[in-house]
Amino acid sequence: TANFGGNTVSVLLGTKDGTFVPAPGSPVSVGSGPFSVVVVDVNGDGKPDLVTANIISDTVSVLLGNGDGSFAPAPG
């Protein structure tokens, strides 16, 4: 989820009992005013990555997936 006021993205992982828990390192910092989030494999490694559109900073943030539900900012 995009947390507009917190400038973060929260990732929740599903459990076997139908509930959700925060992913390791969640929430993750992104640009100012994240408005939308897309899950896509940006770097072709087979792991889902996150891309956010940040409306206040007029930027895009790319978070690369580590394969365990956690994400880290792409190298600049």
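## Close-up views of a predicted model

**View 1. Serine S61 reaches across to a glycine.** The side chain of S61 comes to 3.2 Å from the backbone nitrogen of G31. This is a predicted model, and S61 can be found in strand β8. Is S61 buried or exposed? With a relative accessibility of 13%, S61 counts as buried, because buried means under 20%. Setting aside residues up to four places away in sequence, S61 touches V30, G31, L50, V51, T52 and N54.

View 2. Look for residues 49-54, which make up β7; five of its six residues are buried. Strand β6, residues 34-40, pairs with β7 in the antiparallel sense over six bridges, and here V37 stands opposite T52 of β7. The pairing of β7 with β8 is antiparallel too, with five bridges. Four residues lie between the strands in the hairpin of β7 and β8, where D58 takes a positive phi near 55°.

**View 3. L50 belongs to the largest nonpolar core.** Which residues make up this core? There are eight: V9, V11, A23, V28, V30, L50, L63 and F71. Now pick out L50 and follow its contacts. Not counting residues up to four places away in sequence, L50 touches V9, V11, V37, V38, V39, S61, V62, L63 and F71.

**View 4. Three strands form an open sheet.** Their order is β1-β2-β5, and the pairing is antiparallel. At the edges stand β1 (2-3) and β5 (28-29), each with a single partner strand, so one side of each has no neighbour in the sheet. Strand β2, residues 8-9, is joined to β5 by two bridges. To find your way, look for T8, which stands opposite S29 in β5.

**View 5. Serine S70 sits in a loop with polar partners.** This loop runs between β8 (59-65) and β9 (71-73). Which side chains make polar contacts with that of S70? One is N66, at 2.9 Å, and another is D68, at 2.4 Å. S70 has a relative accessibility of 10%, so S70 counts as buried. Leaving aside neighbours within four places in sequence, S70 is in contact with P24, L64 and G65.

Notes: Residues are numbered from 1 along each chain as its sequence is written. This is a predicted model: local features need pLDDT of at least 70, side-chain atom pairs count only at pLDDT 80 or more; totals for chains, interfaces and linings use all residues. Side-chain values use heavy atoms; hydrogens and water are left out. A nonpolar core is a set of buried Ala, Val, Leu, Ile, Met, Phe, Trp, Tyr and Cys residues joined through side-chain atoms within 4.5 Å. Buried means under 20% relative accessible area, exposed over 50%, partly exposed in between (1.4 Å probe, protein chains only). Contact means heavy atoms within 4.5 Å. Two strands pair if DSSP finds at least two bridges between them. A polar contact is a pair of N or O atoms within 3.5 Å; within protein, one must be able to donate a hydrogen and the other to accept it, and residues adjacent in sequence count only if both atoms are side-chain atoms.
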